[in-house]
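Q: Please walk me through this structure, term by term. I want each label set against its cut-off.

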Amino acid sequence: MFNSKKIKRLSDENEELKTTIETIHGKEENIKNLNLVLKKMRLEVAELNEGKRTIRESIEQIKNQEESKKIEIVDLSRKIEHLREMKDELQNVVLSYTNKIENIESTIKRNDEEVLHSPKSRKEIEQIESHNLNLYQEHSETEQNLNDAVAKTKQLNDKEKTFLDRKGNLTSEIIKLEG
């Protein structure tokens with residue numbers, strides 16, 4: 001009997017130990033699984049942090065591009081305003097040359113009529129003709145100056161159009177960056 005109780009107790013103890021070992025083994029498996037899950041989660045967190053850093057850098061780059069484009073737009077606006085002022089000045093110059101040409105033509109016409117319709121001495125006629133020659137020369141120079149001013153105005157118009165186109169493109173790019 002003593003042996004049988006002892007065997008029974010040892011058998012019960014053996015079962016308890018088996019259960020404890022199975023429990024420990026199950027916990028070890030859970031720990032391994034949890035460690036794998038933890039490792040995967042750490043990798044995911046690292047990937048998310050890298051993605052977040054990349055996104056932050058992209059956002060910063062976009063902000064820098066946007067700021068650069070805004071600065072360029074302000075600069076273009078200033079240049080456009082300056083071009084418009086130059087065009088206004090050139091328009092005044094063109095008007096001045098046009099008026100000068102009209103005055104020269106009118107003076108030449110009056111001089112020619114005076115020679116034809118008023119009795120003049122040979123010397124007076126030569127003076128008028130000499131004066132007319134000077135006026136023709138001045139007329140020619142003024143026309144050249146007028147043509148130069150008109151060409152310069154065209155250049156300024158072309159440059160202004162280029163600046164306005166660039167400004168419009170930059171504005172569109174900023175809208176895309178903000179959107």
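A: Start with a definition: a salt bridge is a side-chain nitrogen of Lys or Arg within 4 Å of a carboxyl oxygen of Asp or Glu. The model is a predicted one, where local features need pLDDT of at least 70, side-chain atom pairs count only at pLDDT 80 or more, and totals for chains, interfaces and linings use all residues. Residues are numbered from 1 along each chain as its sequence is written, and side-chain values use heavy atoms, with hydrogens and water left out.

Q: What makes the pair Arg78 and Asp75 a salt bridge?
A: Their side chains meet at 2.2 Å, N to O. The limit is 4 Å, so the pair qualifies. Arg78 and Asp75 are 3 residues apart in helix 1, about one helical turn. The structure holds 18 salt bridges.

Q: Why is Arg78 called exposed?
A: Relative accessible area decides: buried means under 20%, exposed over 50%, partly exposed in between (1.4 Å probe, protein chains only). Arg78 has 53%, so it is exposed.

Q: What makes Lys154 and Asp158 a salt bridge?
A: The closest N and O atoms of Lys154 and Asp158 are 3.0 Å apart, so the pair passes the cut-off. Both residues lie in helix 2, 4 residues apart, about one turn of the helix. Asp158 has 40% relative accessibility, so it counts as partly exposed. Elsewhere, salt bridges that share partners join Glu50, Arg53 and Glu57 into one network.

Q: Why is Thr142 called buried?
A: Its relative accessible area is 3%, so Thr142 falls on the buried side of the cut-off. Thr142 is found in helix 2, residues 122-178. Leaving aside neighbours within four places in sequence, Thr142 is in contact (heavy atoms within 4.5 Å) with Tyr97, Lys100, Ile101 and Ile104.

Q: What makes the link between Ser77 and Lys167 a polar contact?
A: A polar contact is a pair of N or O atoms within 3.5 Å; within protein, one must be able to donate a hydrogen and the other to accept it, and residues adjacent in sequence count only if both atoms are side-chain atoms. The side chains of Ser77 and Lys167 make theirs at 2.9 Å. Ser77 sits in helix 1, residues 2-117. At 25% relative accessible area, Ser77 is partly exposed.

Q: How many helices and strands does the chain have?
A: The chain has 2 helices and 0 strands. Helices (H or I, at least four residues) and strands (E, at least two) are DSSP runs, numbered from the N terminus.

Q: How do you know how the chain compares with a compact globule of 179 residues?
A: The radius of gyration is taken over C-alpha atoms, and the globule rule is 2.2 Å times the number of residues to the power 0.38. Such a globule would be near 16 Å, but the chain has 49 Å. Along its principal axes the C-alpha trace spans about 175 × 20 × 15 Å. Buried residues make up 16% of the 179 residues.
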